[in-house]
Amino acid sequence: MIQITDKSKCVGCNACTQCCSTNSIAMYEDEEGFLYPVVDIKTCTDCGLCEKVCPVINYKVGKKPNLVYAAKSHDEQIRMESSSGGVFTLLAEQIIKDGGIVFGARFNENWEVIHDYTETIEGLSAFRGSKYVQSRIGKTYSQAKQFLKAGRKVLFSGTPCQIAGLKLFLRKEYDKLLTVDFVCHGVPSPMIWIKYLSYLADNQSLAMWIENINFRSKTNGWKNYNFVLYPKNSEQKFVEPLHKNLFMKGFLSDLYLRPSCHRCPTKSLSSGSDITLGDFWGIQNVLPNFDDDKGVSLVMINSEKGKSAFNSIDVVRQETAYKSAVQYNPAIEISMKPSEKRSEFFRFLSNENLNSLILRLTHQTFAKRILRKIGRLIKRTMRVCLKK
Ligand SMILES: Cc1cc2nc3c(=O)[nH]c(=O)nc-3n(C[C@H](O)[C@H](O)[C@H](O)COP(=O)(O)OP(=O)(O)OC[C@H]3O[C@@H](n4cnc5c(N)ncnc54)[C@H](O)[C@@H]3O)c2cc1C
Ligand code: SF4
Ligand code: SF4
Ligand code: SF4
C-alpha cells in the first residue's frame, strides 16, 4: 500500500485514491497546503493496486519528441486569451466538434483551481490560460474512464505528472484518448494562493468580490505579461507586471512549489502524453519573423496520435529543432531547485503577513541584481558570437 514518508515522492495526482476499490485512501492537506494520501489500514486489503498506478513509483525514462513546432492560432482573440499561441483551444475545439469531452483546469466559485470537464466550445474558455496553482484533480480520472468506456473521444489536459497518473490509472491504451500536457515549472501551493487573494480582498468573501483573474494578460505584450484581477461591481481592475506581482514573484523564486516539483518524476517528456505544449521562449532568436509578442506555442509531438491531432487543426506553424526549444526553456528537462528561503517562508508564514514575507524573501540586494545582469549580458554576447 501507499505510504508517504518523503513528501517529494508524491505529486498529489490522486491516481491511488481513485483506483482503490475499498475507498481506503483519502487525501489530506498538509501545513504547506498540498494534498497527500493517507491509507485507512482497517479497510485496506493490501491488494497493491495503488502502488501500480503511482507515477512516482512507476517512473519512466525521458525521451525526445518526434517533431517540434512553433505554432499560433489564426484567431487573435483566442491567442490573446491563451497563455501562449492558443494551440490548446484549437485541439480542444476539434475534440468537441467530434462529439468528445475535454478535461482541464478552471477556477471554482471560491477561486480555487480544480480539474473539470466540458462538452461545449463555450465551456473551454474557463480552461483557457495558465493558472499557477496546483489544481485539485478530484475524481476526473474516473470520469474520463467512464466516457472512454462509453466510446466517447476524450482530451485530457494537465501537468505532466497528472497525465502520467491518468495513464497509469487507466491501465490500458484507449484509441479515443488524446493527452495534452505542458512544460511545467512546478505548481504553487493552493493554500498560499487563497491567502494571497484574501490579502488582496482585505478579507472580503472571494466569491463575492472577484469577477475574473488572468495570470497572463498580454495587454502589455506576451513576454512582459501582467497579472490582472477584475473585481465585481468596480471598473477599477488590479493590474501588476509579473515581476512586481507578489504571488508571481514568490512562484518564480520557487518559494512555495510542491516538494515533488524539485524532483519531478515526469521531466523530459516522460509522462506518456501525446502532445506537450509550452511557451516558445526565445522565438525572437530562433524564428524572428514568427514573433509578434502576442504569444507563440511550443508544440512537441510525442506520438502518432499526437501527430494526427495536430495535423487536423488549422494553425500557423513552422517546424523547428528540439535544441532550439530546450535552449530557452530548461524546465522541459530540469526540475527547479528549491529556493534557499523555502523553509524559512513556511516557518514564518503564521507570524508574518504574506505581503512582507514574500517581499523580504524575494528581495535581491543591489549588488546581486547587477551581477545577474552582467551574467545575462555575457550569455547573450556568447550566443551572438557562437552564431557568427
Ligand atoms: C503551473 C504551470 C507551469 C507552467 N510552466 C511552464 C514553463 O516553465 N515553461 C513553459 O513553456 N510553459 C509553462 N506552462 C505552460 C504554458 O503557460 C501554457 O499553458 C501552455 O503553453 C499552453 O498554452 P496555450 O496557449 O496552448 O493554451 P492555454 O489556454 O494557455 O492553456 C490552458 C491549458 O492549461 C491547462 N492548465 C491551466 N492551468 C493549469 C493547472 N494549474 N494545472 C493543470 N493544467 C492547467 C488547462 O487545462 C488548459 O489545458 C506552465 C503552465 C502551468 C499551468
Ligand atoms: S493496497 Fe489496495 S486496498 Fe489497500 S489502499 Fe491500496 S488500493 Fe486500496
Ligand atoms: S503520486 Fe499520486 S498515486 Fe502516487 S502516492 Fe501521490 S497521489 Fe498517490
Ligand atoms: S513540476 Fe513535475 S511534479 Fe511538479 S507539477 Fe509539474 S509535472 Fe508535476
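A residue counts as near a molecule or strand if one of its heavy atoms lies within 4 Å of it. Keep that in mind and select ligand 1: of the 35 residues around it, Ser83, Ser84, Ser130, Lys131 and Asn329 come nearest.

Before you go on, some ground rules. This is a predicted model, where local features need pLDDT of at least 70 and side-chain atom pairs count only at pLDDT 80 or more, while totals for chains, interfaces and linings use all residues. Residues are numbered from 1 along each chain as its sequence is written, chains are lettered from A and ligands numbered from 1 in the order in which they are written, and side-chain values use heavy atoms, with hydrogens and water left out.

**Stop 1: ligand 1 up close**

Show the backbone of lysine 131: one of its N or O atoms is 2.7 Å from a nitrogen atom of ligand 1. Now try valine 183, where a polar backbone atom sits 3.1 Å from a nitrogen atom of the ligand. At aspartate 279, a backbone N or O atom lies 2.7 Å from an oxygen atom of ligand 1.

**Stop 2**

Select ligand 2. The residues around it include Met1, Cys20, Cys44, Cys47 and Cys50. Its shell has seven nonpolar, three polar and one charged residues. (Ala, Val, Leu, Ile, Met, Phe, Trp, Tyr, Cys and Pro count as nonpolar, Asp, Glu, Lys and Arg as charged, and the others, Gly among them, as polar.)

Which residues are closest to ligand 3? Cys10, Val11, Cys13, Cys16 and Cys54, out of 13 that surround it. This shell has eleven nonpolar, two polar and no charged residues.

**Stop 3: the two domains**

Color domain 1 (7-52) and domain 2 (67-188 + 256-332); these bounds come from an automatic or database domain assignment. Their C-alpha centres lie 26 Å apart.

Together the domains bury about 1,600 Å², 54% of it on carbon and sulfur atoms. Buried area here is the accessible area (1.4 Å probe) that two parts lose on being put together, summed over both. Highlight Val11, Gln18 and Phe34: they supply 40% of the area that domain 1 buries against domain 2, more than any other three residues.

**Stop 4: a salt bridge**

Last, pick arginine 136 and glutamate 29. Their side chains meet in a salt bridge at 3.1 Å, N to O. The rule asks for a side-chain nitrogen of Lys or Arg within 4 Å of a carboxyl oxygen of Asp or Glu, and it finds one such bridge across the interface of domain 1 and domain 2.

How values were computed
Polar contact = N/O pair within 3.5 Å; in protein donor to acceptor, adjacent residues only side chain to side chain.
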